[in-house]
Each structure stands twice: as C-alpha cells, then as structure tokens.
Amino acid sequence: MTVRGLVKHYGDTKALDGVDLDVREGTVMGVLGPNGAGKTTLVRILSTLLAPDAGRATVAGYDVVRQPRQLRRVIGLTGQYASVDEKLSGWENLYLIGRLLDLSRKDTRARADELLERFSLIEAARRPVGTYSGGMRRRLDLAASMIGRPAVLYLDEPTTGLDPRTRNEVWDEVKAMVGDGVTVLLTTQYMEEAEQLASELTVVDRGKVIAGGGIEELKARVGGRTLRVRPADPAHLRPLARALDELGITGLATTTVDAERGSVLVPVLSDEQLTAVIGAVTARGITLSSVVTELPSLDEVFLSLTGHRASAPQDTRPADDREEVAV
Amino acid sequence: MSAATLTPTAAGDAPIPLRAHLRHTGALVRRNLLWIRQDPESMFDAVLFPVIFTLLFVYVFGGSIGASMGGGQDQYVQYVVPGLMAMMGMNMAQGVGTGFNTDFNSGVMDRFRSLPIGRGSVLVAKIAVELMRMLFATVVLMIVAVLVGFDITHWTGMLASIGLSAVFGSALMWVFLTLGVVMKSAQSVQAMGFLVLMPLQFGSSIFAPTASMPGWLQNFTDYNPLSALADTARGLMLGGPVAHDLWVTLAWSVALTAVMAPVAIHKFRTKN
C-alpha cells in the first residue's frame, strides 16, 4: 500500500493535508490520532468510498481512483459502526455479502458456516442481528469483511465503544487474521490498541502525519510506559518513592507520588528497568499490593510528539482498564 | 472485452458483466424480501392503505360526490377505484426513500459500496422490491373494490392500468431514492414525500371530477401528471378515450426516469 500526498477538503476544513503512508504486505499499520485527525477520511478514500482531491494511492497494486472495482474485490472494511443488516440473521448477512462478491452459492454457504464457527457465532447464526450484543455485532462485522478472503483489511476504530472484555475478544480475532497473512490498516485512538495489534505506527493530527515508525521506536520517543507501584502499607509510600528515585534509572522524568491513590509513578523505558524497579523494592523489604504498567495515553503521546495536547482529548478509559502486570 | 466497452472514468478497471449485475440485484432483492419476513408489520401499509382509502372515499364521500355526478355511490365506486389504483405506485414510491436513508445511516451502505458491485444494483433491487409491494397492494385494492361493488368490465384494461401505474411509480421512485440519498434522516424523507405528494394527489382528478373546481385549480389539475394517470386508468378500466392521457403519463414517466435516475445514481456514487 502506497499513499502519496493525499488531500481531502470538506469545505474549508482540510481533513487530509498531504498524507504519505507505506504499508508492507502482511504487516499491520496502526494509524493513531484523535477524533477529527482524518483517520476515517483516509480509510474511506483507501476503500474507494470517497474520492481524494489530490494525491495518489495504490493498494494491492490497484489505483484507488482508477481501478476501484478491481480494488474492491481484494479489500475488506470494518467501520467504526458495525455495518451489518440488523433485520437479517448473522448467517443471512454473510450469505448476502458472499453472493455480492461473486462466490457460488455452495462456496458462500461453506464460507458463512466456517466464519460463524471461527467467530463463535454459530449459536446466534439464525437470530436477527438486532438481538446481538455489541461484541457479537463487531465480530460479525469482522467475519463479513473476511468472506472474500481479502488481501487488505481496513479496521476503522474496531473497538471504539466496546467494554474491555469484548475489546480483548476483537483483538484476538484481529491477531488471528493477521496470522493468516492479511495486510491490515488499523485506525485507533488508543496507544494500547496500536501496541497490541500494530507493528508500525503512523501518528496523525489535523490531516497531517506527525510521526511514524516502529512501535518500540515511537514508544521510546514518547517515554515508554509508566509503572504504578502501590505499597501494601500506605506508610511505606514516601520511603518507596525515595528508594526508586535513588535508583536513578530514568533520565526522562522523575518519580512522582500519587498520594490520593497511594501509589508511586515511575517512567520506565525497558523491561530491564521494570525488573530493576521490582528488585529495588524487594531489596528494601517493602511489600507491594499492586504493580500496574500504564501505557502513555493518546494525550501523552501527542504532548511529547507535538508539544500540544490532542485537539480533542479522547482517552477517557478508566485506569483499571489498563494492562495489569503480575507481581 | 474491448477497450470500447470501458467508460473513460473506469479506464483500466474491470467492467461488471450483465450476468453479475443480475446476480447482485437478485441477492439484494432477496435481502429486502427477508426484511419483510423478519418484520411483517412493514407490509401493513400495503394492506391497510388500499382498504382504508377505498372505504373512506366510497362510504364517506361516495354518496355526495356520486350524486353530484348524476348518480350515487355506485357510480362513484366506478369513478374512484381506477384513481386509487393509479395512486398505488406513488404511495409505494414514498417508502423507497425512507428505507434507503436508513441503510445509509446504519453503515450497511458503506459495506455495499466497498463491494465490487455495480452501484445501480442497490437502487434497482430497492425499486424491484417496492414494485412487488405495490402489486400486492393493488391485489388487496381490487379485492376490496369488488367487495364494495366495483364492476370489472375490462380485464385487459385493468391489467394495462396496473402496468402503467407501476411504470409511473418506478419513475417516481427515482425521485424518492434521490431524496433518500441526500436527506439527513428517514423522518425528513417521509415528511418531504408527504408534502410533495399530498397536494399532487388531492389536486388531481383521482378522487373527484375537476369540473366543479375553481379555474386556477383546474389549471393545476390539468397539468398534474396524476390527473393524466388517473384518467388513463379510468379509460382503460371502464372504456373511453385514453390516447392523450396515456401519452402524457408515459412522457412524464420517461422524463422523470431520464432526469432522476442519473441524478440518483450520481448522488449515490458520490455520497461521502
């Protein structure tokens, strides 16, 4: 996938202002940005739903403007809102799309059964989609995108609005698809999602690419993870903070004490540093009740990359929704 | 495949064979029929509309309008039933835009538009299903009409006028499809349809002879295509001259389709 100088205006607003992007075959490219950064516009152009005002884009060897029909045969699209027909059953939805993709009746039936099984929707297969839960709908939407065995899959904020458990289910499905060798373009507002699924990341803001590269590289640039360490005894809070400060492992930021939540925050750049922190705590004989690694939020990523906050702060997930690390 | 079969905008792109178009349209028709199975209430209008309108006009207005025509309710039944039948296509046409708009707002249309199908297939399938609903409503209407005393004298004329109503109705559907694509919500499509059709339907010869209407209104009804449609249906079903009204109706149908079908497809194609 090659994108060069893509521009799209909506009236006076520049939704895309000269976007360049390269995605290698069989990899997952994460496009990270706040609402209104132009992520959805980009996906709509690359999936032939929208014509760009300027620039070029080639996907799987087809020009998005000049060869839309051929391109549509090899792409799958899962939008922000589950685009499945609520009045049809899950099976009927998949059957319809298979037929529209010119699969034979027999192949369509086999493919629908196979995908319903894979996405754990067999029991609900004959029920109208209107009765499905949010997670089931999203899984059906993914299944629908996979019917034609696409070479390129667009996932436009695939987990926005889902609860953590359902989100994990969707992630697992996406990982399985990637295992099949599909090239994926994933847009997201969450650093954590990008880290889970993508191998490379492009950060967009106000229609422009502001950073790009491997996930690890970007994480290092934005300060990696933050470790939230909570002592079992609140009286140990200050001694713990001092101990970690003395460790002097980070040059980026200093240890901060979050007295309200009874924990100490330490930025760490590597797994070695994380281990060193735990080691220091053990050496002091302080008992911990929890250690949580927190990924930088979109806001923090933006702050460190651009010096300004994301145009519309979006990371409103509760802290307990973040990655827990067993002590 | 020769280069000549490619349109300039699709240069280098694969054209869709006719058989594939038919298959896609068939799959989409099936989808819309499954809706009816899932949601039988959606057929209520097709059943209730002919029943209510027939009973309302025949029993409430029939006596007095019939009397003014020099007869009675019996005479009015013969007058109004062909008019109601002519209306059927139009009333079903309204529904097409509403359902279409819902598809856009739910994201289903995005999926269809990202599939390698002709974009016209989605529109044609919608029209085909609404025509089926219209034929169903027409059958209901004829049953009710016979029950209230309508005398079918010209069977072939009746079939011809059903066909004509379908032709005019599908021409009108392109207008409502366009509204369905450009308007924001299903409710506004419905409201718009009502606002446009109401004066056209009542300001015509569908329900009553226009001779007693004031001059300015007669000018309107004379040019109203619905008058021509209703008068053609009347001529075909009861006997009488039809040639002029038939040509007017066909001309309107062709003109509406020729103008609005490309507009609908274009709006559909370029919708963001």
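The following dialogue goes through parts of a predicted model and the grounds for the terms applied to them.

Visitor: What makes up chain A?

Guide: Chain A has eleven helices and 14 strands. Of its 327 residues, 46% count as buried. Among contacts between residues at least 6 apart in sequence, 69% join residues at least 24 apart.

Visitor: Why is Leu153(A) called buried?

Guide: Leu153(A) has 23 other C-beta atoms within 10 Å. The cut-off for a buried residue is 20 or more, so Leu153(A) is buried. Leu153(A) lies in strand β7 of chain A.

Visitor: Which residues does Leu153(A) touch, leaving out those up to four places away in sequence?

Guide: They are Gly76(A), Ser145(A), Met177(A), Val182(A) and Val184(A). As for Val28(A), 125 residues separate it from Leu153(A) in sequence, while the C-alpha atoms of the two are 9.4 Å apart in space.

Visitor: Why is Arg206(A) called partly exposed?

Guide: Arg206(A) has 17 other C-beta atoms within 10 Å. A residue is buried at 20 or more and exposed at 12 or fewer; the count of 17 therefore makes Arg206(A) partly exposed. Arg206(A) sits in the loop between β9 and β10 of chain A. Its phi is near 50 degrees, a positive value in a residue other than glycine.

Visitor: Is Thr48(A) buried or exposed?

Guide: Thr48(A) is buried, because 23 other C-beta atoms lie within 10 Å and the cut-off is 20 or more. The loop between α1 and β4 (54-59) of chain A holds Thr48(A). The phi of Thr48(A) is near 65 degrees, again positive in a residue other than glycine.

Visitor: How do you know that helix α1 (residues 39-46) of chain A is mostly covered?

Guide: Eight of its eight residues are buried. Among them are Lys39(A), Arg44(A), Leu42(A) and Ile45(A).

Visitor: What does α1(A) pack on?

Guide: First, the sheet. Six strands of chain A form an open sheet in the order β6-β7-β8-β3-β9-β10, with mixed pairing. The twist averages 15 degrees from one strand to the next. α1(A) packs on this sheet, touching β3 (28-32), β7, β8 and β9 (200-205) of chain A, and its direction makes about 150 degrees with that of β8(A).

Visitor: What makes β6 (75-78) and β10 (208-214) of chain A edge strands?

Guide: Each has a single partner strand, so one side of each is left without a neighbour in the sheet.

Visitor: How do you know that strand β7 (residues 152-156) and strand β8 (residues 183-188) of chain A pair?

Guide: Five bridges join them, in the parallel sense. At least two bridges are needed for two strands to pair, so β7(A) and β8(A) pair. Val152(A) stands opposite Thr183(A) in β8(A).

Visitor: Why is strand β13 (residues 263-268) of chain A called largely enclosed?

Guide: Five of its six residues are buried, so β13(A) is largely enclosed by the rest of the structure.

Visitor: Which strands do the bridges join to β13(A)?

Guide: Strand β11 (residues 225-231) of chain A is joined to β13(A) by five bridges and runs antiparallel to it. Here Arg228(A) has Leu265(A) as its bridge partner. Strand β12 (residues 256-258) of chain A is joined to β13(A) by three bridges, also antiparallel, with Asp258(A) opposite Ser263(A). The hairpin of β12(A) and β13(A) has four residues between the strands, and there Gly262(A) takes a positive phi near 60 degrees.

Visitor: Why are α9(A) and α10(A) called oblique to each other?

Guide: The axes of helix α9 (residues 237-247) and helix α10 (residues 271-284) of chain A come within 10 Å and cross at roughly 130 degrees. Roughly perpendicular ends at 115 and roughly antiparallel begins over 145, so α9(A) and α10(A) are oblique. The crossing is right-handed.

Visitor: What classes of residue has the contact of α9(A) with α10(A)?

Guide: Leu240(A), Ala243(A), Leu244(A) and Leu247(A) of α9(A) meet Ala276(A), Val277(A), Ala280(A), Val281(A) and Arg284(A) of α10(A). By class there are eight nonpolar, no polar and one charged residues.

Visitor: How many residues does each chain give to the contact of chain B with chain A?

Guide: Chain B gives 24 residues and chain A gives 29 residues. On the side of chain B, α1 (18-38) and α4 (108-113) of chain B are the elements that give two or more residues. The largest share, eight residues, comes from α1(B). By class, that side has eleven nonpolar, six polar and seven charged residues.

How values were computed:
Residues are numbered from 1 along each chain as its sequence is written. Chains are lettered from A and ligands numbered from 1 in the order in which they are written. This is a predicted model: local features need pLDDT of at least 70, side-chain atom pairs count only at pLDDT 80 or more; totals for chains, interfaces and linings use all residues. Two residues are in contact if their C-beta atoms, placed from the backbone, lie within 7 Å. Ala, Val, Leu, Ile, Met, Phe, Trp, Tyr, Cys and Pro count as nonpolar, Asp, Glu, Lys and Arg as charged, and the others, Gly among them, as polar. Axes are lines fitted to C-alpha atoms, for helices over the stretch in contact, and angles run from 0 to 180 degrees between N-to-C directions. Angles under 35 degrees count as roughly parallel, over 145 as roughly antiparallel, 65 to 115 as roughly perpendicular and the rest as oblique. A crossing is left-handed if the near helix is turned anticlockwise from the far one by less than a right angle, and right-handed if clockwise.
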